[in-house]
Amino acid sequence: MKINYTQLMKAVIPTIRHCEVLGISTVEASAGKLKLAMPWKEDMLGDRDREIIHGGALTTLLDTTCGFASASALDPWGLAPTLDLRIDYMRPAEPRKTVYGFAEVYRKTTNVIFTRGIAFHEGEEDEPIAHCTATFMQLDKTASAGLEDWLRQFEVEEA
Amino acid sequence: MGTSLSALVEAQEYGSIDSLVAAIPYAELIGVEGMQLGSELIFKLPKNPDNIGNPSLPAIHGGVIGGFMEVVAMLEVLYETKVTTLPKVVDFSIDYIRAGRDQDTFARAEVVRRGRNVVNVSISAWQTSEDTPIANARAHFLIKPVSAVAARS
């Protein structure tokens, strides 16, 4: 089944309560790749004086980005729980600027999906705020049983 | 409204964990609470529908568990090293061991090594029992040497 992953992610992200709290939204998605956006908000700061976003908000952005990049690398699409995640903080996010998360799957084995991602400001991909690697567990296919009907709405014609 | 810095000084002088937590907006957003048991700090993340990441289980968002543990690590560093500037997180690594159910979560951190500029911290989070953690993590923070801080006052 060929899927419009951007449409699918635009339907999925609003169902995740904590992503709504942080204002996370979908920019674009394809098989094994995902870009999300997170606006600067005063209540997600770690350093109030310098107006710097807390690492925890970036962790949620990157876990979500890497996790759903993994989901879209599976056929059929399906949720993959996080095994582990490591974040290197390269520099503070700038005050009042939207942070983007981008992730890609760089290796998929029978059981495990390896991803890497960055958090960055638009146009500054070469100087990311944070770099992340995360691994996800591939559940057996019965876990995504029942999703077929729901997935069909995002199906597109094979070219 | 106190700045982060004055809250830090107050918390360290009067031992008030609540004012430390209140100095970090993100900690308040997810609902972190601190408890002091003797000389030890234990932190609680109360059950909160706003922290859900998987609506079907339901389970706490893995990012919230990570964020909670990072908050706990930073507060432990502040409390233990008595530095009066916010430690800067360098890196953070987390292993997810069990799904975080929609219930109260607890965490504690331990400073493994305090160097001149860098502190290594290990953090554990659990729900039903500390013996069955839902996640373990480690982090590095940069701190300003106390001598540099002393010059401030």
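This is a predicted model: local features need pLDDT of at least 70, side-chain atom pairs count only at pLDDT 80 or more; totals for chains, interfaces and linings use all residues.

Biologist: Fine. How many helices and strands are there in chain A?

Modeller: Chain A has four helices and eight strands. Helices (H or I, at least four residues) and strands (E, at least two) are DSSP runs, numbered from the N terminus. The order along chain A is α-α-β-β-β-β-α-β-β-β-β-α. Its radius of gyration is 16 Å, close to the 15 Å from the globule rule for 159 residues, so chain A is as compact as a globular protein of that length. That radius is taken over C-alpha atoms, and the rule is 2.2 Å times the number of residues to the power 0.38.

Biologist: And what does the C-alpha trace of chain A span along its principal axes?

Modeller: About 50 × 30 × 30 Å.

Biologist: What about chain B, how many helices and strands there?

Modeller: Five helices and eight strands. Chain B reads α-α-α-β-β-β-β-α-β-β-β-β-α from the N terminus.

Biologist: What share of the contacts join residues at least 24 apart?

Modeller: Counting contacts between residues at least 6 apart in sequence, it's 64% in chain A and 58% in chain B. A contact is two C-beta atoms, placed from the backbone, within 7 Å.

Biologist: On to the interface. How many residues does each chain put in?

Modeller: Chain A gives 29 residues and chain B gives 31. On the chain A side, α2 (17-22), β3 (45-47), α3 and β5 (82-89) each supply at least two residues. The largest share comes from β5(A), with eight residues. By class, that side of chain A has nine nonpolar, 10 polar and 10 charged residues. For those classes, Ala, Val, Leu, Ile, Met, Phe, Trp, Tyr, Cys and Pro are nonpolar, Asp, Glu, Lys and Arg are charged, and the others, Gly among them, are polar.

Biologist: At what angle do α3 of chain A and α4 of chain B pack?

Modeller: Helix α3 (residues 55-71) of chain A and helix α4 (residues 62-81) of chain B pack at about 155 degrees, with axes 8 Å apart. That makes α3(A) roughly antiparallel to α4(B). Axes are lines fitted to C-alpha atoms, for helices over the stretch in contact, and angles run from 0 to 180 degrees between N-to-C directions. Angles over 145 degrees count as roughly antiparallel, under 35 as roughly parallel, 65 to 115 as roughly perpendicular and the rest as oblique.

Biologist: Which residues make that contact?

Modeller: From α3(A), they include A:Gly55, A:Gly56, A:Ala57 and A:Thr59, and from α4(B), they include B:Gly62, B:Gly63, B:Val64 and B:Glu70. The contact of α3(A) with α4(B) has three nonpolar, nine polar and two charged residues.

Biologist: Tell me about B:Ile52. Buried or exposed?

Modeller: B:Ile52 is buried, with 23 other C-beta atoms within 10 Å, and it lies in strand β3 (residues 52-54) of chain B.

Biologist: You mentioned B:Pro58. Where does that one lie?

Modeller: In the loop between β3 and β4 (59-60) of chain B. The peptide bond from B:Leu57 to B:Pro58 is cis, with omega near -10 degrees. Chain A has a cis bond joining A:Asp75 and A:Pro76, with omega about 0 degrees, and A:Pro76 is in the loop between α3 and β5 of chain A.

Biologist: Why flag those, and which phi values stand out?

Modeller: Most peptide bonds are trans, and most residues other than glycine have a negative phi. A:Glu51 has a positive phi of about 60 degrees, and B:Lys82 has one of about 65 degrees.

Biologist: Is B:Lys82 buried or exposed?

Modeller: B:Lys82 is exposed, with 11 other C-beta atoms within 10 Å. A:Glu51 is partly exposed, with 15.

Conventions: Residues are numbered from 1 along each chain as its sequence is written. Chains are lettered from A and ligands numbered from 1 in the order in which they are written. A residue is buried if 20 or more other C-beta atoms lie within 10 Å of its own, exposed if 12 or fewer, and partly exposed in between; C-beta atoms are placed from the backbone.
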